[in-house]
Amino acid sequence: MSRFNTPISGKKNENGLMQIEVFPLRVLNVETAQKLIDELNKIEGITRMVVHGPRLPRENPDDLLDGRFGTNEKKYLNIKGEQVELTVQVGRLWIEITDTPVIEQVRAAAEKTLPFPFEMYEGVYIRTKKTLTDYVRKGGNVDEISVGLFDPKAKAKTSCCSTKGE
């Protein structure tokens, strides 16, 4: 059960791509998020995906109360064959696609994997031009796939994956 809250305009950005948002009505656990991403990985026509949601705590509060530090287990998502550390709870997926027929494939994948309702929106969610954050994180050497995919609150390393295998 899903609904597309706005009519599909078919408008494309300057790169000839569209962006949609899959907005589940609940925050996804790691297993459900991985099932959805596995289905999305099979779809031709998806150029980029961003997982968005509230930041996960670095430490489990129950462990801190018991005097255990650094026991929080890291969780990973497999996106296009690359292991990406999960630092947020999956609340929304922003997907950049090549054309409008891909929207129905995304909807079918979400209906197959999500056991609860979700909504889909069309809009601009992922930046398409280089910003100051991109220059700071990569020294200006940002490829077109990585534009806007950096976590500005990340401390030491970037939170981005590239198809070029950097």
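Glu-39 counts as buried, at 16% relative accessibility. This is a predicted model, by the way. The side chain of Glu-39 meets that of Lys-112 in a salt bridge, 3.4 Å from N to O. Since Lys-112 sits in helix α3 and Glu-39 in helix α1 (residues 30-41), the pair ties together parts that are 73 residues apart in sequence. Lys-112, for its part, is exposed at 59%. Lys-42 joins in too: Glu-39, Lys-42 and Lys-112 are linked in a network of salt bridges.

A search of the whole structure turns up five salt bridges, and the table shows some of them.

| Pair | N to O distance |
|---|---|
| Arg-92 and Glu-21 | 3.0 Å |
| Lys-112 and Glu-39 | 3.4 Å |
| Glu-104 and Arg-107 | 3.4 Å |

With Arg-92 in strand β6 (residues 92-97) and Glu-21 in strand β2 (residues 18-24), that pair ties together parts 71 residues apart in sequence. Arg-92 is partly exposed at 29%, while Glu-21 is buried at 3%.

Glu-104 and Arg-107 stay within helix α3, three residues and about one helical turn apart. Here Glu-104 is partly exposed at 44% and Arg-107 is buried at 13%.

What about helix α3 itself? The helix covers residues 101-113 and reaches 19 Å from first C-alpha to last, close to the 18 Å expected. Its buried residues are Val-102, Ile-103, Val-106, Arg-107, Ala-109, Ala-110 and Thr-113. They lie on the same side of α3, because they cover an arc of only 165° around the axis. On the other side, Pro-101 and Lys-112 are exposed.

How values were computed. Residues are numbered from 1 along each chain as its sequence is written. This is a predicted model: local features need pLDDT of at least 70, side-chain atom pairs count only at pLDDT 80 or more; totals for chains, interfaces and linings use all residues. Side-chain values use heavy atoms; hydrogens and water are left out. Helices (H or I, at least four residues) and strands (E, at least two) are DSSP runs, numbered from the N terminus. The expected span of a helix is 1.5 Å times one less than its number of residues. Buried means under 20% relative accessible area, exposed over 50%, partly exposed in between (1.4 Å probe, protein chains only). The arc is that of the directions from the helix axis to the C-beta atoms. A salt bridge is a side-chain nitrogen of Lys or Arg within 4 Å of a carboxyl oxygen of Asp or Glu.
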